[in-house]
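The sequence and structure follow.

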Amino acid sequence: MQKKSTITKTNTNSKFSTIRVFFQSSTTHYFVGLIILIIVVYTSISIFSFFFTSNTDQSKIEGLSLFQFKNIEAEEIANWAGLRGAILSSILMNEGFGLSTFFLLLFTVFVALRLMKVYYVRLIRNFILCSLLTIWLSITLTFFFGKFFQETALYIGGKHGFIVSNILVYNFGTSGTLLIIVLLFIISIAIVNIEIIYFLITPKQKNKNKIGFSKEKKIENASHIPPFQTEENFSNGIEHFEVVKPKEEETIISEIKEKNRGFSKKINKDNLEKVREYDPTLGLPNYLCPPINLLKECGISELQIDMEEQKTNKNKILSTLDSFGIKIAMIKATVGPTVTLYEIQPEAGIRISKIKNLEDDIALRLSALGIRIIAPIPGKGTIGIEVPNRESQTVSMKSVITSKKFQETKLDLPIALGKTITNETFVFDLCKMPHLLVAGATGQGKSVGLNAIITSLLYKKHPAQLKFVLIDPKKVEFNIYSEIEKHFLAKLPNEEDPVITNVTKVVQTLNSLTKEVDERYNLLKKANVRNMKEYNEKFVNRQLNPQKKHRYMPYFVVIIDEFGDLIMTAGREIELPIARIAQLARAVGIHMIIATQRPDTSIITGIIKANFPARIAFRVSAMVDSRTILDTSGANHLVGKGDLLFSQGNDLTRIQCAFVDTSEVEKITEYISNQQGYPNAEILPEYTSEDNIEKRDTTNLSNRDPLFNKAARLMVTHQQGSTSLIQRKFEIGYNRAGRLMDQLEDAGIVGSAQGSKAREVLISDEYHLDKILELE
Ligand SMILES: Nc1ncnc2c1ncn2[C@@H]1O[C@H](COP(=O)(O)OP(=O)(O)OP(=O)(O)O)[C@@H](O)[C@H]1O
């Protein structure tokens with residue numbers, strides 16, 4: 001019963017939302033505007049013809065209303081717009097406002113143009129203006145010219161003009177009526193331009209103000225902030241203000257339901273050829289990726305725009321800039337889920353840095369946190385001012401997962417992080433990053449962000465193609481994923497818990513991953529390929545023999561939450577393997593995501609920064625933290641709740657992170673864990689700390705070659721890990737140079753031997769080398 005009522009309720013809701021969407025749609029607006037415009041043209045024709053035909057028609061249509069029908073022969077009516085046109089024009093002209101009806105028609109044209117989005121007109125202001133002018137002209141025409149039309153069927157100012165003019169003349173006499181007419185005229189003009197009224201009242205004072213203002217403008221240091229009261233209506237002469245509502249993105253829920261959920265290739269006659277290929281998903285042939293209905297719809301699905309808010313913000317921005325002597329040629333707003341981007345084009349000769357310095361002043365005027373100025377917007381030639389919306393809208397994980405962009409992506413490790421300022425789904429390839437640093441103050445959306453990343457991958461990958469290594473010193477964040485151990489997680493041999501929480505285990509796991517990196521490189525070398533993708537292709541085409549230890553390589557995504565805590569407790573034991581994996585693992589399909597809520601330089605060190613070019617910054621409290629994460633300010637201006645900056649190289653994109661809550665993640669992991677899994681989690685190569693102890697002995701500081709520091713510097717400056725280079729430079733034998741090279745490898749300065757090729761140098765510059773040498 002309850003179910004039935006819920007269904008009825010949902011149906012009613014969906015009906016209402018369909019009706020609402022219909023009325024809000026711009027196509028509906030366009031057609032309504034077009035219909036209004038056609039009616040106006042028809043009415044104008046009828047009124048125009050009324051001047052010539054009213055004498056003939058008047059007697060025949062006398063007393064008829066617009067919808068009353070009487071048998072009148074069409075030929076008897078002279079009006080060019082027919083019988084209805086004759087009645088309509090008679091009502092508007094004689095019964096209404098006479099010739100001044102054209103002002104009302106003008107207003108109707110404004111409404112039509114605005115609906116059709118052909119021209120933006122301020123409706124309230126123009127309504128008042130047109131109404132006043134209609135009344136004024138109707139009285140004026142009757143007052144001055146009424147007597148000339150007494151013998152005709154035409155009331156030049158309509159019945160309104162006739163009555164009001166007579167009342168005014170009766171009460172105030174001819175001179176009094178004349179003065180009232182002049183007053184009404186001034187009021188109407190004042191509405192068009194308020195400055196005229198200032199001019200009429202205090203012309204001298206106005207001029208003085210003008211001089212004062214231009215003097216002020218000459219002062220370079222424009223610390224003066226002009227009065228605040230008119231800025232909400234400030235237009236700076238810019239009449240056209242475009243507010244772009246980003247297009248709703250296409251979603252393809254129904255198609256997802258139908259196809260693409262299973263991974264195994266269906267065999268039919270056409271792809272018999274492909275049967276020869278090895279299908280890595282055959283280990284779990286019936287695995288289905290989680291259905292879309294496990295995710296919730298949250299917030300309003302269609303982006304809502306508060307036009308009043310947009311206009312007020314625009315006027316405040318213009319007024320602030322104007323008060324600093326910055327004139328704007330164009331302003332346009334693009335509304336996103338959390339922030340609106342106001343794009344401005346300053347007039348020629350204005351220095352960009354001047355606008356950039358006004359960030360705080362604009363924030364003060366708009367009384368808003370999170371204002372960011374992008375000067376200039378790359379590739380656009382405009383300046384962007386991002387202003388947070390009064391009400392931000394949550395971006396649901398469902399909306400990004402169902403987006404066409406994500407569903408049809410061909411990326412290797414696609415991640416739908418959220419929506420950009422133009423409401424587009426932001427999808428990136430973790431493979432290309434190839435590692436990611438996530439930082440932000442506590443409570444700003446980091447954990448939700450990591451869950452969104454994992455969810456995206458779970459919706460795209462088969463367990464055979466992807467394994468996560470989850471490291472969570474806080475012990476609570478990733479616990480939820482333990483259930484999918486036998487599908488998607490990798491762990492150390494003989495380990496109980498698939499999510500690593502203990503610092504010693506973290507060190508072991510990271511070292512084991514470096515072993516995995518080495519093993520994978522050896523396999524690549526044996527297969528004569530350069531990267532994992534080529535290797536897997538060869539393997540799938542059965543060009544590599546599993547008996548020679550070749551195997552299909554899944555991607556590894558290593559996610560470390562609270563990386564800061566680990567660095568504080570284990571220091572370089574953690575930093576070095578991370579740096580090593582980060583430098584070498586790209587080609588072998590191992591990608592790292594490290595997250596920290598402590599964005600300071602002792603945690604995000606030079607080594608980490610050098611190896612993690614892609615970064616996500618959630619809100620931080622200080623500019624210095626933003627600089628630590630992104631090398632630029634900006635993250636200190638975010639609004640929190642998943643508002644983030646994504647940086648890759650020089651590109652900085654503001655994104656509202658998709659929201660996925662714990663209950664949704666639980667449903668997804670439950671759905672996956674209820675399916676058949678592998679007998680075990682993926683096992684990482686064994687790593688014993690004895691290996692480590694042995695190594696430590698060889699790297700014992702006292703045993704180090706006296707040339708160690710010099711050799712390290714040589715490797716870093718040349719960025720070439722070559723033994724012969726050491727031999728040549730220091731004029732030493734091959735054995736000593738080889739020993740030096742081993743010591744450099746143990747210290748994490750160069751990578752492992754790669755046959756006859758030079759080793760990779762893991763430290764990017766001397767600054768970082770000095771730091772490492774100091775620590776030792
Ligand atoms: N993308 C988002 N959309 C809407 N609200 C969000 C989003 N991300 C986070 N929030 C809100 O912010 C709260 C805190 O988020 P989250 O737990 O991810 O923060 P955190 O940075 O991981 O904090 P901590 O470092 O303490 O774990 C969430 O409970 C949620 O209410």
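## Conventions

Axes are lines fitted to C-alpha atoms, for helices over the stretch in contact, and angles between N-to-C directions run from 0 to 180 degrees. Helices (H or I, at least four residues) and strands (E, at least two) are DSSP runs, numbered from the N terminus.

The model is predicted: local features need pLDDT of at least 70, side-chain atom pairs count only at pLDDT 80 or more, and totals for chains, interfaces and linings use all residues. Residues are numbered from 1 along each chain as its sequence is written.

## Helices 19 and 20

The axes of helix 19 (residues 563-570) and helix 20 (residues 572-584) cross at roughly 120° and come within 7 Å. Helix 19 is therefore oblique to helix 20; angles under 35 degrees count as roughly parallel, over 145 as roughly antiparallel, 65 to 115 as roughly perpendicular and the rest as oblique.

Leu566, Ile567 and Ala570 of helix 19 meet Glu573, Ile574 and Glu575 of helix 20, where contact requires C-beta atoms, placed from the backbone, to lie within 7 Å. By class, this contact has 4 nonpolar, no polar and 2 charged residues. Ala, Val, Leu, Ile, Met, Phe, Trp, Tyr, Cys and Pro count as nonpolar, Asp, Glu, Lys and Arg as charged, and the others, Gly among them, as polar.

## Helices 4 and 5

Helix 4 (residues 101-115) and helix 5 (residues 123-145) have axes that come within 8 Å and cross at roughly 165°. Helix 4 is therefore roughly antiparallel to helix 5. The contact between helix 4 and helix 5 comprises 11 nonpolar, 2 polar and 1 charged residues. Among the residues of helix 4 involved are Phe103, Phe107 and Arg114, and those of helix 5 include Asn126, Cys130 and Thr134.

## Transmembrane annotation

An unreviewed UniProt entry places the feature "transmembrane region" at residues 30-52, 97-115, 127-145 and 178-201; such annotations may be inferred rather than shown by experiment. Residues 30-52 are 100% helix and 0% strand, with end C-alpha atoms 34 Å apart. For residues 97-115, the span is 84% helix and 0% strand, and the end C-alpha atoms lie 26 Å apart.

## Recorded binding site

The unreviewed UniProt entry places "binding site" at positions including Gln444 and Gly445. Glutamine 444 is found in the loop between strand 8 (436-439) and helix 15 (446-458). Glutamine 444 is buried because 25 other C-beta atoms lie within 10 Å; the cut-offs are 20 or more for buried, 12 or fewer for exposed, and partly exposed in between. Leaving aside neighbours within four places in sequence, glutamine 444 contacts Phe618, Arg619 and Gly640.

Glycine 445 also counts as buried, with 24 C-beta neighbours inside 10 Å.

Conventions:
Contact = placed C-beta atoms within 7 Å.
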